Amino acid sequence: MANTMMKTIIFLLLLDISQTFVSGKCITGYIHVNITNNLHSNNPPLKLRCKAKDDDLGYQTVLVNQQFSWRFCESFFGKTLYFCHLYWGQKQSVFDAFRGKFIHTSPSKNYFSVRDNGIYYRNDMEAIFVYKYGWK
């Protein structure tokens, strides 16, 4: 019994490590994140940087009504975390754009709307944006 359980754990660990290398397919399904600039103007411009432990998406400048988006394969064990740091003139906001869960219940599409009064969020299961994060 213990031997079978150990084999199962090893199999799941190998699956977690190798899932992004299997024919470029994602076993858990791709997660999509989209950040749209809905600010009133490009002055000052919206700048952002999003990253995970092993994936830095770099610094981006996103103009009004444009978007920055990416997709990734969530870890089988729900360890995936992407966070973003947004800069708008003297204002900043840092937030988790995606935080995985051990039992995969995360929405596959995540939308952020950057507005003058803060950052709004919705996913593929919700119809309207909800205020989520403020500016500092």
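1. A nonpolar core is here a set of buried Ala, Val, Leu, Ile, Met, Phe, Trp, Tyr and Cys residues joined through side-chain atoms within 4.5 Å, and buried means under 20% relative accessible area, exposed over 50%, and partly exposed in between (1.4 Å probe, protein chains only). On these terms the largest nonpolar core has 24 residues, and those with the most contacts inside it are Trp70 and Leu86. At least two residues of this core come from each of S1, strand S2 (46-52), S4, strand S5 (81-88), strand S6 (91-99), S7 and strand S8 (118-123). In soluble globular proteins, nonpolar side chains tend to be buried together.

2. Basis of the note. The structure is a predicted model: local features need pLDDT of at least 70, side-chain atom pairs count only at pLDDT 80 or more, and totals for chains, interfaces and linings use all residues. Residues are numbered from 1 along each chain as its sequence is written, and side-chain values use heavy atoms, with hydrogens and water left out.

3. Overall composition. The protein has one helix and nine strands, and along the sequence the pattern reads α-β-β-β-β-β-β-β-β-β. Helices (H or I, at least four residues) and strands (E, at least two) are DSSP runs, numbered from the N terminus. Of the 136 residues in the protein, 35% are buried. Taking contact as heavy atoms within 4.5 Å, residues 24 or more positions apart account for 53% of the contacts with a separation of 6 or more.

4. The five-stranded sheet. Five strands form an open sheet with mixed pairing, in the order S4-S1-S7-S8-S9; two strands pair if DSSP finds at least two bridges between them. Strand S4 (67-73) and strand S9 (130-133) are the edge strands, each pairing on one side only. Neighbouring strands of this sheet are turned by 25° against each other on average, direction ignored. For that angle, axes are lines fitted to C-alpha atoms (for helices over the stretch in contact), and angles run from 0 to 180 degrees between N-to-C directions.

5. Pairing of S7. Strand S1 (residues 30-37) and strand S7 (residues 109-115) run parallel and are joined by six bridges; the bridge partner of His32 in S7 is Lys109. S7 and S8 run antiparallel, again with six bridges, and Tyr111 stands opposite Arg122 in S8.

6. Surroundings of Leu86. Which residues does Leu86 touch, not counting residues up to four places away in sequence? They are Leu46, Lys47, Leu48, Lys91, Gln92, Ser93, Phe95, Val114, Ile119 and Trp135.

7. The disulfide. With a disulfide taken as a pair of cysteine sulfur atoms within 2.5 Å, the count comes to one. Cys50 is joined to Cys84, with an S to S distance of 2.0 Å. Cys50 lies in strand S2 and Cys84 in strand S5, so the pair ties together parts that are 34 residues apart in sequence. The torsion about the S-S bond of Cys50 and Cys84 is about 110°, so the disulfide is right-handed. Both Cys50 and Cys84 are buried.

8. Val62. This residue lies in strand S3 (residues 55-62). Is Val62 buried or exposed? Val62 counts as buried because its relative accessible area is 5%. Leaving out residues up to four places away in sequence, Val62 touches Asn37, Leu46, Leu48, Gln67 and Phe68. The C-alpha atoms of Val62 and Asn42 are separated by 8.7 Å, the two residues being 20 residues apart along the chain.

9. Thr36. This residue has its place in strand S1. Its side chain makes a polar contact with the side chain of Asn34 (2.9 Å). A polar contact is a pair of N or O atoms within 3.5 Å; within protein, one must be able to donate a hydrogen and the other to accept it, and residues adjacent in sequence count only if both atoms are side-chain atoms. Beyond its neighbours within four places in sequence, Thr36 is in contact with Gln66, Gln67, Phe112, Ser113 and Val114.

10. Most residues other than glycine have a negative phi, and most peptide bonds are trans. Asn43 and Pro44 are joined by a cis peptide bond, with omega about 0°; Pro44 is found in the loop between S1 and S2. Asn65, in the loop between S3 and S4, has a positive phi near 65°. Asn65 counts as exposed because its relative accessibility is 62%.
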